[in-house]
Amino acid sequence: MTKLNTGEKAPDFSGIDQNGNNISLKDFQGKKLALFFYPKDNTPGCTKEVCNLRDNYSQLQNEGYEIIGVSADTEKSHKKFSDKFDLPFPLIADTEKKIINDYGIWGKKKFMGREYDGIHRKTFLIDENGMIEKIIEKVKTKDHAAQILA
């Protein structure tokens, strides 16, 4: 698994969001970006996380942040999830797990005593020059916006 660190150049990425738009890291040149990875659409933790980001979206934007979510779900799944919770930011469908692997998000997980491979919930704060400014390793789903703004 790739291990990225603060101060490194963020891996370039390109993917399709829930509305069929192609989104790349280079689209955010000169802007701050919170790139958050989450396991699955419509699950309790992921729903709390995206709703917290949605509810604090204007504050995040006032602080200069653009927000992008990434999971391995399909565009169709992202579209339903986004519409259901009225999300104002794009969700990239990384079904091939290219971005997920480039950012080192895929790996061993444990849940209820069971071990399996999956997406680790993690957020990368990327500065205006495409450098990783901060990595939030332990995301608090109900208070994620505050972690980004801290």
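View 1. Strand E8 runs antiparallel to strand E9 (residues 132-136), and four bridges join the two. Strands here are DSSP runs of E with at least two residues, helices are runs of H or I with at least four, and both are numbered from the N terminus; two strands pair if DSSP finds at least two bridges between them. This is a predicted model, where local features need pLDDT of at least 70 and side-chain atom pairs count only at pLDDT 80 or more, while totals for chains, interfaces and linings use all residues. Residues are numbered from 1 along each chain as its sequence is written, and side-chain values use heavy atoms, with hydrogens and water left out.

Strand E3 (residues 32-37) is also antiparallel to E8, joined by five bridges. Look at Phe 124: Leu 35 stands opposite it in that pairing, and Ile 135 is its bridge partner in E9. In the E8-E9 hairpin, with five residues between the strands, Gly 130 takes a positive phi near 80 degrees.

**View 2. Both faces of E8.** Five of the five residues of E8 (residues 122-126) are buried, so the strand is largely enclosed by the rest of the structure. Buried means under 20% relative accessible area, exposed over 50%, and partly exposed in between (1.4 Å probe, protein chains only). Lys 122, Phe 124 and Ile 126 cover one side, with Thr 123 and Leu 125 on the other.

**View 3. An aromatic cluster.** Phe 36, Tyr 38, Tyr 57, Phe 81, Phe 85 and Phe 89 form one cluster. Rings of Phe, Tyr and Trp (its six-membered ring) pair if their centres lie within 6.5 Å; planes under 30 degrees apart are stacked, over 60 edge-to-face, and the rest tilted. The structure holds nine aromatic pairs. One of them is Phe 36 with Phe 89, edge-to-face at 5.8 Å centre to centre and 80 degrees between the planes. Phe 36 is in strand E3 and Phe 89 in the loop between helix H3 (75-85) and strand E5 (91-93), so this pair ties together parts 53 residues apart in sequence. Phe 81 and Phe 85 are edge-to-face too, because their centres are 5.6 Å apart and their planes at 80 degrees.

**View 4. Lysines over rings.** The charged end of Lys 32 sits over the ring of Tyr 65, 4.6 Å from its centre. Lys 97 lies over the face of Trp 106, at 4.8 Å from the ring centre. The test: NZ of Lys or CZ of Arg within 6 Å of the ring centre and within 35 degrees of the ring normal.
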